[in-house]
Amino acid sequence: MKTHLLVIGLVSLCLHSGAYALSPNQFTSLEYHVNTGVASTLPYAADQLTPDFTNAFSFITLEEELSIKLVTFIDTPNRDFNAKHINIRVRENVTTPRKSKITIKLRADNPQAFGELSGYKKAEVDYTEGNAAYSVSYDLPYSPNDIDIQHVNIATVFDIIKRNQAMWDIVSDIYNQHKQDLIQTVVMRTHGWDGFVKDKRFNDVEMEFQIWTPYYRKPRITFAEFSFKGSDGDKARLDEAYQYINQQVKAVGFDSSHQGSKTNSTFTITEAFNQ
């Protein structure tokens, strides 16, 4: 109940005319995550897949083309944004710079806890280990020429956020109170490969394999996962695909040093934040 009240309290401050309370059927985007380890099948921060890896995860075919992104998150050392269930992410798309974006994401335990929102980009349900996590996100594009993701100018990020009134309403109170305290997490390098499951029942499901590693290789840790997306109209079949993929990954048997949210894990490994 405390979580719900916090989110509802935040959203009540952010209303525009025309905003409506969210219902479960508005969460039309589904994303499924299966954490994994890679053991010795890939070198650290691998930029290409190896025969050992493809043999171990033989249930999936991945393309050779690599997608590279750099990701960092912004908050105060005491996680004041997180206390209101807000995440702020800056993501540079190294492969396709024009797709770089700043994202504000609200999280809650269930759809009703969001209260009234408008102008959002996506209402999504993430499934990890069978657990559902609800989120509503807002995006703004930016140019990597304007933001050096390795040394983020916090004021520049929020100047860009001000261009979207709905996004600014969400963060403005905390920003104005704590702007002198805001810092970024370690920068995570993400390497991703697209592909598909070989099983004909699910071979139209677009898969992605990602590995996240700190850009400066400290601490020396890897977050690895398989993921795929779909719409709520196809949920029954997507659930079946998730069960199959989860079983296949577990059968490989590689221990994962990471479980759950990559966002939370990134904050955890960043020493400047109070855990």
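Predicted model: local features only at pLDDT ≥ 70, side-chain atom pairs only at ≥ 80, totals over all residues.
Two residues are said to be in contact when heavy atoms of theirs lie within 4.5 Å. The mean pLDDT of the protein is 91, and 92% of its residues reach 70 or more. The stretch of residues 1-18 stays under 50 in pLDDT, and for this stretch the model has 32 contacts beyond four places in sequence.

**Two helices that meet**

- Two packed helices are described by the angle between their axes and the distance between the axes.
- For helix 4, which covers residues 154-161, and helix 5, which covers residues 165-178, the axes come within 9 Å and cross at roughly 145°.
- On the side of helix 4 the residues that take part are Ala 155, Phe 158 and Ile 161, and in helix 5 they meet Met 167, Trp 168, Val 171 and Tyr 175.
- Sorted by class, this contact of helix 4 with helix 5 holds seven nonpolar residues, with no polar and no charged residues.

**Aromatic rings**

- The count of aromatic pairs in the model comes to 20.
- In one of these pairs, Tyr 215 and Tyr 216, the ring centres are 5.1 Å apart and the planes stand at 85°, so the pair is edge-to-face, because planes over 60 degrees apart are given that name.
- Tyr 215 has a relative accessible area of 25%, and is therefore partly exposed.
- Ring pairs also link Phe 53, Phe 57, Phe 59, Trp 193, Phe 209, Phe 226 and Phe 254 into a cluster.

**Charges over rings**

- The charged end of Arg 79 sits over the ring of Phe 267, at 3.5 Å from the centre of that ring.
- Arg 201, in turn, lies over the face of Tyr 244, and here the distance to the ring centre is 5.4 Å.

**Backbone details in the loops**

- Lys 218 and Pro 219 are joined by a cis peptide bond, with omega at about -10°, and Pro 219 belongs to the loop between strand 12 (206-214) and strand 13 (223-231).
- Arg 217 is also found in the loop between strand 12 and strand 13, and its phi is near 65°, which is a positive value in a residue other than glycine.
- With a relative accessible area of 38%, Arg 217 is partly exposed.
- His 85 has a phi near 65° as well, again a positive value in a residue other than glycine, and its place is in the loop between helix 3 (80-83) and strand 5 (86-93).
- The relative accessibility of His 85 is 18%, so this residue counts as buried, because the cut-off for that word is under 20%.

**Residues in strands**

- Leu 140 is part of strand 9, which covers residues 131-141, and it is buried, with a relative accessible area of 14%.
- Leaving out residues up to four places away in sequence, Leu 140 touches Ser 100, Lys 101, Ile 102, Ile 160, Ile 161, Asn 164 and Met 167.
- Between Leu 140 and Val 90 there are 50 residues of separation in sequence, while their C-alpha atoms are 9.8 Å apart in space.
- Ile 60 has its place in strand 3, residues 60-62, and at a relative accessible area of 6% Ile 60 is buried.
- Not counting residues up to four places away in sequence, Ile 60 touches Phe 196, Val 197, Lys 198, Met 207 and Phe 226.
- Ile 60 and Phe 228 are 168 residues apart in sequence, and 12 Å apart in space from C-alpha to C-alpha.

**Residues in other loops**

- Pro 77 is found in the loop between strand 4 (67-75) and helix 3, where its relative accessibility of 24% makes it count as partly exposed.
- Apart from neighbours within four places in sequence, Pro 77 is in contact with Asp 181, Ile 183, Ala 272, Phe 273 and Asn 274.
- Pro 77 and Asn 274 are 197 residues apart in sequence, yet 5.6 Å apart in space when taken from C-alpha to C-alpha.
- Ala 113 lies in the loop between strand 6 (101-108) and strand 7 (116-117), and at 1% relative accessibility Ala 113 counts as buried.
- Ala 113 and Ser 100 are 13 residues apart along the chain, and their C-alpha atoms are separated by 30 Å.

Terms used: Residues numbered from 1 in each chain as written. Heavy atoms only, no water. pLDDT = per-residue confidence, 0-100. Axes fitted to C-alpha atoms, helices over the stretch in contact; angles between N-to-C directions. Helix = DSSP H or I, 4+ residues; strand = E, 2+ residues; numbered from the N terminus. Nonpolar A, V, L, I, M, F, W, Y, C, P; charged D, E, K, R; others polar. Phe/Tyr/Trp six-rings, centres within 6.5 Å; stacked < 30°, edge-to-face > 60°. Buried < 20%, exposed > 50% of the residue type's maximum accessible area, 1.4 Å probe, protein only. Lys NZ or Arg CZ within 6 Å of the ring centre and 35° of its normal.
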